[in-house]
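Reader: I'd like to learn how to read a model like this one. Could you take me through some of its features?

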Amino acid sequence: MRTTCPYCGVGCGISAEAEGRALSVAGDPAHPANLGRLCSKGSALGATVGLEGRLLHPTIGDRPATWAEATGLVARRLREAIARHGPDSVAFYVSGQLLTEDYYAANKLMKGFIGSANIDTNSRLCMASAVVAHKLAFGADLVPGCYEDLDLADLVVLSGHNAAWTHPVLFRRLEAARARGQRHVVIDPRRTDTAEAADLHLPIAPQTDVRLWNGLLADLIRRGAIDLAFLSAHVGGFAETEAELARADQSPAAVAADCGVPLADLERFFRWFAATPRTVSLFSMGANQSAQGVAKGLAILNVHLATGRIGKPGACPFSITGQPNAMGGRETGGMATTLAAHMDFEEAARARVRRFWGAPTIAERPGLRAVEMFEAVREGRIKALWIMATNPAVSLPDAGRVREALAACPFVVVSDVMAATDTSAFAHVRLPALAWGEKDGTVTNSERRISRQRPLLPPPGEARADWRIVADVATAMGFGEAFGWRTPAQVFREWARLTAYDNPDRVLNLGPLAALTPEAYDALEPVQWPVTAAGGAPRLFTDGRFQTPDGRGRMHPVAAEGPAEPVDPGYPLALNTGRVRDHWHTLTRTGLAPELCRHAPEPYVEIHPADAAPLGIAEGALTRIVTRQGEAVATARLSDRQRPGSVFLPMHWTQAFAPAGRANPLVAARTDPRSGQPEFKHTPARVRPY
Ligand code: SF4
């Protein structure tokens, strides 16, 4: 059976065989995303599908409950909160682990039937800044390129993207292209495995990305390497952007000094970029997870718009998503800032979606974004919170404060695969969900490619699909007519119809898929939207038309601002958090596979030897990391891969695995004001021997 990997945004196809609950997996050679390759996480999926620790029956408090009791209680508490405090007193916090059908159902219930937009996703932590940058520059959240562009490019720039660890199969693809002569430049404060393998590594000072990309644009203007014909025909905002550049010294020497990189290396990067029309700029969490995440994205998009390196084979800016279905959430409206199908909250779109759903109401304005949502919970403004397929008590910044919020919330529902997570410890009701290998639906990867996740294993216990759990609660709330789906194919067809409904020119259009028979849905081959009768579209903007009202792309002036909270004598180090190669999120799945735990068996903190020596911290020593938000203990790994003045702490460990080694209680909950994405990559910290 062919299915799709549940981990990262590469979206690799998998060929799997099941016998009972034993599962063997291999890469699907026919899937365009991976062409048969799998990384360590995908290869170990068979070790993660056992039933140990699974939530198999609904519970109310500590006691088992029937589905009717549990969904009845959830429906009653949601209705009561809405009646007493209004629709904005309830909130859903969902996940890039959900399938598109799940996302669609949850969004429909919240925005069309409850009447609030308080549904946000953990994808807010991953790529919300890129979403805002896309909307500003292109008129909608559109990813212009495709993985084939990585094969066709002559230069690939990776900005804040350790692809070797986070998107390993894409990295293998890049390595193959490099063997054919492609050049790689990595912009990253850390000398990651990706940087180590590159032709050029620019180890910039934390949060100086905008300065560097602005410097590149200024250099391209000086060289006359701007595509004036493309600008004149297809792009606005150049004059304003150029004026902003003039407000700072953009000489390579000044830019190199501010970014903390050797002048000769910076100049080499500028020369390579100017001389290479086929350039792809990948950007990921290192760019997005910043209080300046939108500005970083815009600075990258500005360079590509100004040079016409977009909409052409081997030339595009390319935001790579973290999760398997972050893109599906962006499409269906799983974010508080989008209504559905890339429509915002303007009157005409609200009327259109309400009409399509036959909904009694429709959300009037954007809802609370992830960090704001949990702050509202903490302040008592949210009376009922439903968390689906995610573990915010571990994964949100300032996670200690999130725990306080959950403890104070009058009613918390958690639907999850696992029985005991850091978050479910706060649940009043737990609802058992199907896991990967049992679920049936679709996901969209980083290149807009929709692929099927197919059920390989029998549903265990009383676990149900997430879309069905939402539909059951909606039905118990009195909305059964609009949530009467019996199969995921029915949900998908409705979703596809919505994308095409009253849609003369939105790029996100799955129209032909709205007529899929159940058999055709089962057999659906990976396809990139927009989907027409002729099939999918690998590349957007090939005709130079964008989705802005005037059809022109838009450059936006951005100023380099640095970190939201600079380091200071009390907290002199920049704490950077992120993932390790073989683990995924909060370990609920990869923590079950011994071979995946071997790569990083315990929490560690990476420190430059020059920072460790004066503090008396030796390799392997237990080390305390302290910020204004909290503290953690981890084993020191001394490494000159770490930039002096900064430390790196992986984010995976939980209360169950290593309570003292949890990273996110240390992270300040500062966010980009435009995207709401937290600055996971920079919190002032100090370290000392334990
Ligand atoms: Fe899964 Fe990502 Fe690895 Fe592919 S690269 S096998 S999608 S984790």
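Reader: In what order do the strands of the open sheet run?

Author: Strands are DSSP runs of E, at least two residues long, while helices are runs of H or I with at least four, and both are numbered from the N terminus. Two strands pair if DSSP finds at least two bridges between them. Here, an open sheet of five strands has the order 10-9-8-12-13, with parallel pairing. Strand 10 (200–202) and strand 13 (316–319) are the edge strands, each pairing on one side only.

This is a predicted model, where local features need pLDDT of at least 70 and side-chain atom pairs count only at pLDDT 80 or more, but totals for chains, interfaces and linings use all residues. Residues are numbered from 1 along each chain as its sequence is written.

Reader: How many bridges join strand 8 and strand 12?

Author: Strand 8 (residues 155–159) and strand 12 (residues 279–283) pair over five bridges, in the parallel sense. Leucine 155 stands opposite threonine 279 in strand 12.

Reader: At what angle do helix 9 and helix 15 pack?

Author: Axes are lines fitted to C-alpha atoms, for helices over the stretch in contact, and angles run from 0 to 180 degrees between N-to-C directions. Helix 9 (residues 209–223) packs on helix 15 (residues 293–306) at about 15°, and their axes are 8 Å apart. Angles under 35 degrees count as roughly parallel, over 145 as roughly antiparallel, 65 to 115 as roughly perpendicular and the rest as oblique. So helix 9 and helix 15 are roughly parallel to each other.

Reader: And which residues of helix 9 and helix 15 meet?

Author: Residues are in contact if their C-beta atoms, placed from the backbone, lie within 7 Å. On the helix 9 side, Trp213 and Leu217 are among them, and helix 15 brings residues including Ala299 and Val303.

Reader: How does helix 9 pack against helix 12, parallel or antiparallel?

Author: Helix 9 and helix 12 (residues 252–259) pack at about 170°, with their axes 10 Å apart. That makes helix 9 roughly antiparallel to helix 12. Arg211, Leu212, Gly215 and Asp219 of helix 9 make this contact with Pro252, Val255, Asp258 and Cys259 of helix 12.

Reader: Last one: what domains is the chain divided into?

Author: Domain bounds come from an automatic or database domain assignment. They are domain 1 (53–121 + 330–528), domain 2 (128–320 + 550–554) and domain 3 (573–669). The C-alpha centres of domain 2 and domain 3 lie 29 Å apart, and their contact takes eight residues from domain 2 and eleven from domain 3.

Note on methods. Two residues are in contact if their C-beta atoms, placed from the backbone, lie within 7 Å.
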